[in-house]
Amino acid sequence: MKEILRSTGERAGIRLDDLAWARLARHWELVQEANSKFNLTAITEREQAVEKHYLDSLLALELLDSLPGEICDLGSGGGFPGLVLAIARPERPITLVEATEKKCVFLEECAAELGLSQLQVVNARAEEAGRDPALRERFPLVTARALAALNVLCEYGLPLLAEGGTLLAYKGAGWEEEVAAAANALDLLNAGLGESRLYQLPGGDQRCLLRVEKRGPCPEKYPRRPGMPTKRPL
């Protein structure tokens with residue numbers, strides 16, 4: 001697994017040291033072991049996992065490196081992209097926010113085994129995290145992948161951002177429609193779109209990294225109580 005990760009990543013211009021590639025390979029072994037007990041991912045084939053989980057997560061590194069500071073990853077699940085980014089950039093503090101307790105236990109076990117001392121796991125829904133004084137308006141960068149539509153994701157992520165911070169949303173096909181539907185949420189939450197980055201996975205899947213910039217304080221009433229952002233999107 002390590003060599004296919006390395007060769008696929010290096011063909012895409014990603015340069016990591018040998019320890020990082022080894023840690024990524026070990027993470028996939030841990031995902032497979034846990035996936036036999038509870039659902040972490042529907043992808044079980046090694047080649048698909050390399051492309052659609054690991055490479056997809058790592059292709060944000062160039063943009064990530066231009067946005068320094070502590071990272072908060074929402075809905076981390078099995079560790080995509082948050083734990084993968086922590087392996088690639090072990091010098092950067094990162095907080096993984098995950099609502100499911102057993103997934104949090106898995107992430108903590110991965111961090112311990114892989115030696116990711118800069119990583120913290122928070123067991124909370126995104127709406128709860130956004131109202132936690134220890135987390136609200138703390139982070140210069142929030143990431144999220146396959147978590148929610150952009151209008152919902154803005155309500156999840158923007159309260160966690162410091163003013164001037166960036167929400168980096170990993171999106172696939174249909175991202176343009178999501179952007180159009182998020183206009184009201186962006187306005188209400190004092191945010192705007194930055195320059196997006198389009199790319200294509202080796203198998204042909206289109207991806208977009210959407211950059212949402214926080215331009216003013218997030219109104220105190222957001223995020224609303226758990227469930228409301230998805231039930232009644234802004």
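Mentor: Happy to. This is a predicted model, and we can begin with Y199, which sits in strand β7 (residues 197-200).

Trainee: Is Y199 buried or exposed?

Mentor: Y199 has a relative accessible area of 13%. The cut-off for buried is under 20%, so Y199 counts as buried.

Trainee: What is Y199 in contact with, beyond its neighbours within four places in sequence?

Mentor: Its contacts there are D56, L59, Y170, D205, Q206, R207, C208 and L209.

Trainee: Let's switch to the strands. How many residues of β2 are buried?

Mentor: 5 of the 5, so β2 is largely enclosed by the rest of the structure. I94, L96 and E98 point one way, T95 and V97 point the other way, and all are buried.

Trainee: Which strands pair with β2?

Mentor: Strand β1 (residues 71-74) pairs with β2 in the parallel sense, over 4 bridges, and D73 has L96 as its bridge partner in β2. Getting from β1 to β2, the chain passes through helix α5 (residues 82-88) in a right-handed β-α-β crossover. Strand β3 (residues 119-123) also pairs with β2 in the parallel sense, over 5 bridges. There, T95 is partnered by Q120 of β3. Helix α6 (residues 101-114) carries the chain from β2 to β3, and that β-α-β crossover is right-handed.

Trainee: Nice. What about the largest pocket, what is its volume?

Mentor: About 530 Å³. The lining has 28 residues, and G75, F80, R145, A146 and L147 lie nearest the centre. The elements giving two or more residues to that lining are α3 (46-58), β2 (94-98), α7 (126-129) and β5 (161-171).

Trainee: Which element gives the largest share of the lining?

Mentor: That would be α3, with 3 residues.

Trainee: And how do the lining residues divide into nonpolar, polar and charged?

Mentor: There are 12 nonpolar, 7 polar and 9 charged residues in the lining of the largest pocket.

Trainee: Last one: which residues of α1 are buried, and what covers them?

Mentor: In helix α1 (residues 2-11), the buried ones are L5, R6, T8 and G9. Their cover includes α2 (18-35) and α3. Following α1 comes G13, which has a positive phi, near 90°.

Key
Residues are numbered from 1 along each chain as its sequence is written. This is a predicted model: local features need pLDDT of at least 70, side-chain atom pairs count only at pLDDT 80 or more; totals for chains, interfaces and linings use all residues. Side-chain values use heavy atoms; hydrogens and water are left out. On a 1 Å grid over the protein atoms alone, a cavity is a set of points where a 1.4 Å probe fits but cannot get out, and a pocket is an open set with protein on both sides within 12 Å along at least five of seven lines; lining residues have an atom within 4 Å of a point. Grid points are joined across faces, edges and corners, and a volume is the space filled by probe spheres set on the points. Ala, Val, Leu, Ile, Met, Phe, Trp, Tyr, Cys and Pro count as nonpolar, Asp, Glu, Lys and Arg as charged, and the others, Gly among them, as polar. Two strands pair if DSSP finds at least two bridges between them. A crossover is right-handed if, with the strands pointing away from the viewer, the path from the first strand over the helix to the second runs clockwise. Buried means under 20% relative accessible area, exposed over 50%, partly exposed in between (1.4 Å probe, protein chains only). Contact means heavy atoms within 4.5 Å.
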